[in-house]
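Subject: The structure I promised you

Hi,

Here is the structure I said I'd hand over.

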Amino acid sequence: MSTQVGVQTYDLFINGEWVPSSSGETFDVINPSNGTVVAKVAKGSKEDVDKAVEAAHAAFENAEWREMSPNDRADILFAIGNNIAKHGQELVLLEALTSGGTLRRVGGNDILMMVDLFQQMAKFVKEYPFSETLPEPMFPGPAHNFVWREPLGVCAAITPWNMPMLIATWKIAPALATGNTIVIKPASNTPVSTLKLAEIISEVVPPGVINVVPGPGGEVGESLVTHPKVEKVGFTGSTEVGRRIMMLASSTVKNVTLELGGKSPNIILEDADLDLAIPGSLFGVFLHAGQLCESGTRLFVPNSIYDDVIDRLVALTKTLKVGHQLDMNTSVGPVISQAQKDTILSYIETGKAEGARLVCGGKEAEVKGGENGFFIEPTIFADVTNDMKIAQEEIFGPVLSVIRYDTVDEAIEMANDTIYGLASGVWTRDVNKAYEIARKIKAGVVWINDWHMLRNDAPFGGYKQSGIGREMGKYSLDAYTQLKHVHTSMVHEPEKRRAFGILFPEG
Ligand code: NAD
């Protein structure tokens, strides 16, 4: 795969066309490995959001799209999957180059997940109960009753920079599968893969069904969240911004799905197979330089094996190659920006000041040719206590906190002692014990002897302040539909209507 991409300018994608922003302004997108500008992107504004929402609204009002049969819609979803596969190489390169995701991950996982998601959606849409018939009512008299699941209308998708393209598809696929239209606001660090994805999808859907308006969260994002013609907001990002979006969406009582932050607990039990648990726990925290919402950032280890586990974690971490994301030998790529790098380094300083023991990493990583990039050594703190800031706040970088415990109950209590509840994990040879712990953990997913295993047919989302609602799987279709009850009375004589008698006692 070629790794050369010229600096290209991208316009907004509205109504099936590339259009410049109304202000004519653009912003730069950089490669986080070396700080060079790799693209210029039109900077959207409120005016552009209005245009995109109008286009999406007109597309939704077109009954041909909204009322398409599930079979025809399944064909479209399949075609989208095929188109993504056809353009896979370009999408992977754009995503890796701008997000810092390694080619190994984006090309070996994300793009395959995206194709599979649309293929699975094509199946779900055929099986989804768009119309259900209810049984004969006991009261007040014979009737036919249906429950219909109908699309919501124009949906807004607001996405983060860490896995921008994959996360966008978690919103696009269910929205389109159920007959909605969508306006996407990608994060400003990483808009180009989403723009390209929209162009590819628009080849098989009517104009206006999918639109992308990059630009600042405070203007483009908030204009979408408060727009009277937007019926739903699907947001993935920080808990802080999620809170604001929920508040703003309340002004027009919008439906919201929020996929927010995490501080996921990972519990190694005494009987765990450490040959599996050690690489598995490092995979759980250092993939994508720790910039994954469901990373296992708090590792709970029994006192009895604590020192051995720390030694093994450190030894294996030292073998990880930090480097350019397009280098196939790289395990850990750059973090997204100078600002993110500064935040992570400042958390590392906080950890030291709080009394945690730095046993690995802890500073900028030196990468040849990456002097202007944003690299951080995979970092491990031992002797962390669960009340420390580094154990409670989301760092969103390659930093692992290892916490001691004596009893499993104590580990579970600490695991749940967080405002978050996105993911969790247990390493043990005793599956029954693992299920018992899984029941007690307050999180949207529990991985047993594994990590990061999302499936396109399983729900994903958070407990507590990690979010509201679920994405992925058939469950995500519920989040993009609303229920309508249709009642037809089968009693035609007014005098036999028992309910009417409540108002007309004399019959
Ligand atoms: P962020 O919250 O800063 O930004 C997310 C998106 O919201 C961006 O597009 C941004 O421009 C936009 N935005 C910012 N302010 C806004 C506002 N006032 N109104 C509307 N939109 C606004 O998050 P980020 O830094 O891009 O991503 C990292 C965060 O995302 C982490 O907290 C991570 O845990 C979370 N995340 C969660 C999941 C999940 O599925 N739960 C997945 C990935 C990332």
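E67 and R66 form a salt bridge, with their closest N and O atoms 3.3 Å apart. By salt bridge I mean a side-chain nitrogen of Lys or Arg within 4 Å of a carboxyl oxygen of Asp or Glu. E67 is exposed, with a relative accessible area of 57%, while R66 counts as partly exposed at 23%. For those words, buried means under 20% relative accessible area, exposed means over 50%, and partly exposed is in between (1.4 Å probe, protein chains only).

Before going on, please keep in mind that this is a predicted model: local features need pLDDT of at least 70, side-chain atom pairs count only at pLDDT 80 or more, and totals for chains, interfaces and linings use all residues. Residues are numbered from 1 along each chain as its sequence is written, and side-chain values use heavy atoms, with hydrogens and water left out.

How many salt bridges does the structure hold? The count is 23. Another one joins E90 to K196, where the closest N and O atoms are 3.8 Å apart. This pair links distant parts of the chain, 106 residues apart: E90 sits in helix α4 (residues 88–99) and K196 in helix α7 (residues 192–202). Helices here are DSSP runs (H or I, at least four residues), strands are too (E, at least two), and both are numbered from the N terminus. E90 is partly exposed at 37% relative accessibility, whereas K196 is buried at 13%.

Among the buried ones are V192, L195, K196 and I201.

One more salt bridge for your list: E493 and K496, with the closest N and O atoms 3.8 Å apart. E493 is partly exposed, at 33% relative accessible area, and K496 is exposed, at 53%.

Now for the surface. Which residues gather in a patch of negative charge there? They are D387, D406, D409, E410, E413, D417 and E436. Patches are made of residues with over 30% relative accessible area and no salt bridge; like charges are joined within 9 Å, and nonpolar side chains (Val, Leu, Ile, Met, Phe, Trp, Tyr) within 5 Å. The areas come from the Shrake-Rupley method with a 1.4 Å probe, and for residues only the protein chains shown count as cover. Lys and Arg count as positive, Asp and Glu as negative, while His and the chain ends are not counted. The place of a charge is NZ of Lys, CZ of Arg, CG of Asp or CD of Glu. Helix α14 (residues 408–416) gives the largest share of the negative patch, three residues. D387 lies in the loop between β16 (379–384) and α13 (389–392), and counts as exposed at 63% relative accessibility.

There is a nonpolar surface patch too, of about 350 Å², made by F500, L503 and F504. F500 is in the segment after β21 (481–489) and is partly exposed at 41%.

On to the aromatic rings. Rings of Phe, Tyr and Trp (its six-membered ring) pair if their centres lie within 6.5 Å; planes under 30 degrees apart are stacked, over 60 edge-to-face, and the rest tilted. That rule gives seven aromatic pairs. Y128 and F130 make an edge-to-face pair, 5.0 Å centre to centre with 75 degrees between the planes, and both Y128 and F130 are buried. W447 and W451 make a tilted pair, at 5.2 Å and 50 degrees. W447 is buried at 5% relative accessible area, and W451 is buried at 0%. Ring pairs also link Y10, F13 and W18 into a cluster.

Most residues other than glycine have a negative phi, and most peptide bonds are trans. The peptide bond from F139 to P140 is cis, with omega near 5 degrees; P140 is in the loop between β6 (131–133) and β7 (143–151). N449 has a positive phi, near 55 degrees, and M472 has one near 70 degrees. N449 is partly exposed at 25%, but M472 is buried at 1%.

Cheers
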